[in-house]
Amino acid sequence: MNFIPLSAILGKRHNIEQILLPNHLMHVSTVRNMKHRLSCNSLIKSILSVLAVIGCTTTMGCEWENTTFDNYVEKGAITLCPPSSEDGTLKRIVLSDGLQVTPENRCVRTGCTDGEDFNCTEDEYCFDEAFEFNMCPKASPQCTQIPIDEDHFEYECQPCINDEQFCYTKCMNFDLLNIKKCDDPDGRTIQCAAKTDSHTGQTVQYDDCNYTIEDGCETPISIDVNNCGRCGLTCNAGEHCDNGKCRISCTDNTQLCTDFCIDYTTNHIQTCDPVFKCSEYYANCDNNIKNGCEIYGQEDNAHCGAKGQCNTLDDERSENYAGVQCETGTICVEGKCSLTCDQRKGFYECNGKCLNFEELNLSDCNLCKNNYCDLDKSKSNGCEIEYLLTDGMISRTEHDALENELTSICYTCDAGTMPNEEHSECIPCPDGQYSFAGNKCKKCPEGTSPNEDHSACTPCEAGFTSEEGGACHACPAGHVSVSGGQCTMCPDGTYANESRTECLPCPAGKSSKNGSQCTPCSNGQISTTGGLCSTCPEGTYANASHTECIGCQAGYYSAKGAASCTACPAGQTSNANHTGCENCPAGQSSVAGGKCTKCPAGQTASAGGQCTSCPNGTISTEGGLCIKCPAGTTPNNTHTACGNCPAGQSSAEGGNCTTCPGGTISSSGGLCTDCQAGTYANSAHTQCIVCPEGQTSTAKASSCTKCAAGKTSNSAHTSCVNCLAGQSSSAGGACTNCPAGQSSSAGGSCTNCPAGKISTAGGLCTNCPAGSTSNSSHTACTNCPAGQSSTAGGTCAACAGGQISSSGGLCIDCWAGTYSNNGHTQCVVCPEGQYSAAKAATCTKCAAGKTSNAAHTDCVNCPAGQSSSAGGACTKCPAGKSSSAGGACTTCPTGQISSSGGLCTKCAAGTTSNSEHTQCIVCPNGQISSTGGACTKCPSGKTSNPAHTACV
């Protein structure tokens, strides 16, 4: 049997972190007792099926809740899923071959026995002895791991010392590492402690923010700005962590108040946290604590007597009294409203009230200030009108009979009147002006005049108008107006009616200027109804009624403003706009005053000339010019068409047809052209023919040349090229594939492939892969038999001692604990009591008292109570005998006994061992024994007690 040792398997949180395997060939069949010994057999089978070749690289993916990790297998090392940085819940592991490993088949257990039901819980471990891996059982909570070397682990359980406690796999000082409790050593979860700082007295809570049990709870989340209150919560710039909350860091003379900094002194704050309270006599009346207590209740007129938060308005005994609003003119003194007039603010005594003389325009309590008067005769609002600035107001000083004093009274002027310069009397508006009550006089606008009482303006009648402030008068000749409007001149092409109320249009053929009477248009001009006279453009003439411009007919033209059109001479016709004459185009002609017409076929004309016959060697179409026949053709007798030269002949432009020269060809009516390289001309000079495969030619050739053997023509047949490797040819022939088992170099001939190599038809000789060789025809590779192998392209030879191979496989070393059989086909496990190193041809016997370990890679002592012969298995010592670890079986000392395979144990006091040392028997009467000793006689005169433990 063959085994695969696992160098390390470590569980971390909720995953197996890493499995390392050796860099040699592995196979599922080499694992012994995997089905019964490993609850994770599905995981191991998945891993081994992926690692089926040397140096394999296989991608794996791990899906966690909300997170995906990509991991890999490289050089024999399988890196499984790391611990999740989020919730640690593994969904599945997906291997590249489609196999899945889920949390259910990931657990293993401790203390497993053959045939035990493996309904494992998560994070338990159990491995076969072949893996040389054991862990302390969960019954031993204080367990320390002690590694022997990098490939093997043993664990021994020992108590923690120096005030340390066991957590996970090591002893730790909980106090120094800020650990309160290790809840689940196997699952790696802890509870972190809270400690009181000896300097500040502040309680600091700790947490494990780096998810590493070994350094405990390293982060003070009560004061750490990067982990404030919980791991990963970072405070903003300018904040500090206070008792697990991010707070603003205040500077200078400010203090923290809820979530902002403020100067308590300048803002009159007594306390902020936990209760906001203002200093004495101050109040926060706008409910905004960011500007502090803004009201001084001892002097504030709007909140006289206010204190606290100002949210209670009717009880001055309240700590939140809003104060009272002092009446106008009174002031707040020591929290009470005073009737004393505040002259600093412009208030003076007047009839028992404080009045602001400046604001009320008073010179004293009784009289108005200059230019002001009292409109409503009420002293409470003072003198409200500055009459010199008003439009229609006057002022009079009168005696107030009730108060027996003079005062200034305001009066409003009536409509149609206005104040005099002194604003003491109302006078009528001047002519042409009007006014409303209480307003100054204004001029009536244009088109209007004042009514009789000058209280409003009335519009002038239609046909009449007026200037601003003037009387109504009739519009001048050629002008009209609407009621109340201005006189406007009639537009050109119209005239004013007698009542000057409407502009009428002139009839067609007549027009007017500046509202004058309508007159007929001049010669060469026309007009429409109500329009102006306009001159007829070039190419037209005016009709007799001067109402329409008529266009000239073809062959005639006219100048601007003409009364008739003029005929063009022969050979010419009118232009497109009929503004002048132009020559007929070449190939056309005309009579005087006529249109241009095309010359018949075989004739032509110059521009402005007459039609004549074409000269020899040329032709023309109807209305065309005489042109030479193109090369390859010649004209007919009527000079109306060119005929083609026959195929194989050609001609110059306007010339005779002749045969093409050698190496050239022509089609009917075509020019003689050279045959391209790779082709040749036929005897009729009508076609260029491509050279056969294996032959070439240059340009303008009459025949092709053959290529040498091993070569052929290129695709254009312009040069000879080597046949490809694996092909060959005869002289002037095409390249053909070499038969299977043969090949050739480029341009060479076909030869057989060397031994160990094969080829397909037309292919190169290639090496057979390692582990195989070529057949006799060199057409296929055959596997070397089991126990033999070969290098690539070589022959089969037997594997060296300590190596094996399968049919067609490579020779591989047997691993430690095995040796190769005679046929080099199988690695055989060493017999019990024997061991071997890697690549061993035979096994070595262990010395007496020792036997091989489970992997047969070394010798270990037989346990106490057992022994062995050289190269044999450990067997139990018979009853009455025992051995030390690695020693031979010897008879137990007198007073001691043993069972089969057991250790020698002392008999109880009063007994001793029988002769076979298999049973403790009571000492004879008169004899006694101590623990584990022989029976001795009592001295003369004494005998043994009933327990045979003392002489009495």
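Are Cys285 and Cys310 buried or exposed? Both are buried. The model is a predicted one. It holds 45 disulfides, and a search of the whole structure finds 3 salt bridges. The largest nonpolar core has 12 residues.

**Disulfide Cys285–Cys310**

- A disulfide is a covalent bond between the sulfur atoms of two cysteines.
- Cys285 and Cys310 form such a link, with their sulfur atoms 1.9 Å apart.
- Cys285 sits in the loop between strand 23 (282-283) and strand 24 (295-296), and Cys310 sits in the loop between strand 24 and strand 25 (331-333), so the pair ties together parts that are 25 residues apart in sequence.

**Disulfide Cys521–Cys533**

- The sulfur atoms of Cys521 and Cys533 are 2.0 Å apart, and the two residues form a disulfide.
- The torsion about the S-S bond of Cys521 and Cys533 is about -85°, so this disulfide is left-handed.
- The pair links distant parts of the chain, 12 residues apart. Cys521 is in the loop between strand 46 (519-520) and strand 47 (525-526). Cys533 is in the loop between strand 47 and strand 48 (534-535).
- Cys521 has a relative accessible area of 6%, so it counts as buried.
- Cys533 has a relative accessible area of 28%, so it counts as partly exposed.

**Disulfide Cys645–Cys657**

- Cys645 is joined to Cys657 by a disulfide, with an S to S distance of 1.8 Å.
- The link of Cys645 and Cys657 is left-handed, with -80° about the S-S bond.
- This pair also links distant parts of the chain, 12 residues apart. Cys645 lies in the loop between strand 62 (642-644) and strand 63 (649-650). Cys657 lies in the loop between strand 63 and strand 64 (658-659).
- Cys645 is buried, at 0% relative accessibility.
- Cys657 is partly exposed, at a relative accessible area of 28%.

**Nonpolar cores**

- The largest core is made up of Cys167, Met172, Phe174, Leu177, Ile179, Cys182, Ile190, Cys192, Val204, Tyr206, Ile213 and Cys217.
- Three strands each supply at least two residues of this core: strand 12 (179-184), strand 13 (189-192) and strand 15 (203-207).
- Met172 belongs to this core. Not counting residues up to four places away in sequence, Met172 touches Glu164, Gln165, Cys167, Leu177, Ile179, Ile213, Glu214 and Gly216.
- A second, separate core has 10 residues, among them Cys257, Phe260, Ile262 and Cys293.

- Side chains of opposite charge can pair when their charged atoms come close.
- Asp175 forms a salt bridge with Lys195, with the closest N and O atoms 3.8 Å apart. The pair links distant parts of the chain, 20 residues apart. Asp175 is in the loop between strand 11 (170-172) and strand 12, while Lys195 is in strand 14 (residues 194-196).
- Asp175 is exposed, at 53% relative accessibility. Lys195 is partly exposed, with a relative accessible area of 26%.
- Arg247 and Asp242 meet through their side chains in a salt bridge, 3.4 Å from N to O.
- Arg247 is partly exposed, with a relative accessible area of 27%. Asp242 is partly exposed too, with a value of 32%.
- Lys513 forms a salt bridge with Asp492, with the closest N and O atoms 3.6 Å apart. Lys513 lies in the loop between strand 45 (510-511) and strand 46, and Asp492 lies in the loop between strand 42 (488-489) and strand 43 (494-496), so the pair ties together parts that are 21 residues apart in sequence.
- Asp492 counts as partly exposed, at 30% relative accessibility.

**Glu384 in its loop**

- Glu384 lies in the loop between strand 29 (372-373) and strand 30 (385-386).
- Glu384 is partly exposed, at 30% relative accessibility.
- The C-alpha atoms of Glu384 and Tyr372 are separated by 7.0 Å, and the two residues are 12 residues apart along the chain.
- Leaving aside neighbours within four places in sequence, Glu384 is in contact with Cys373, Asp374, Leu375 and Asp376.

Key
Residues are numbered from 1 along each chain as its sequence is written. This is a predicted model: local features need pLDDT of at least 70, side-chain atom pairs count only at pLDDT 80 or more; totals for chains, interfaces and linings use all residues. Side-chain values use heavy atoms; hydrogens and water are left out. A disulfide is a pair of cysteine sulfur atoms within 2.5 Å. Helices (H or I, at least four residues) and strands (E, at least two) are DSSP runs, numbered from the N terminus. Buried means under 20% relative accessible area, exposed over 50%, partly exposed in between (1.4 Å probe, protein chains only). A nonpolar core is a set of buried Ala, Val, Leu, Ile, Met, Phe, Trp, Tyr and Cys residues joined through side-chain atoms within 4.5 Å. Contact means heavy atoms within 4.5 Å. A salt bridge is a side-chain nitrogen of Lys or Arg within 4 Å of a carboxyl oxygen of Asp or Glu.
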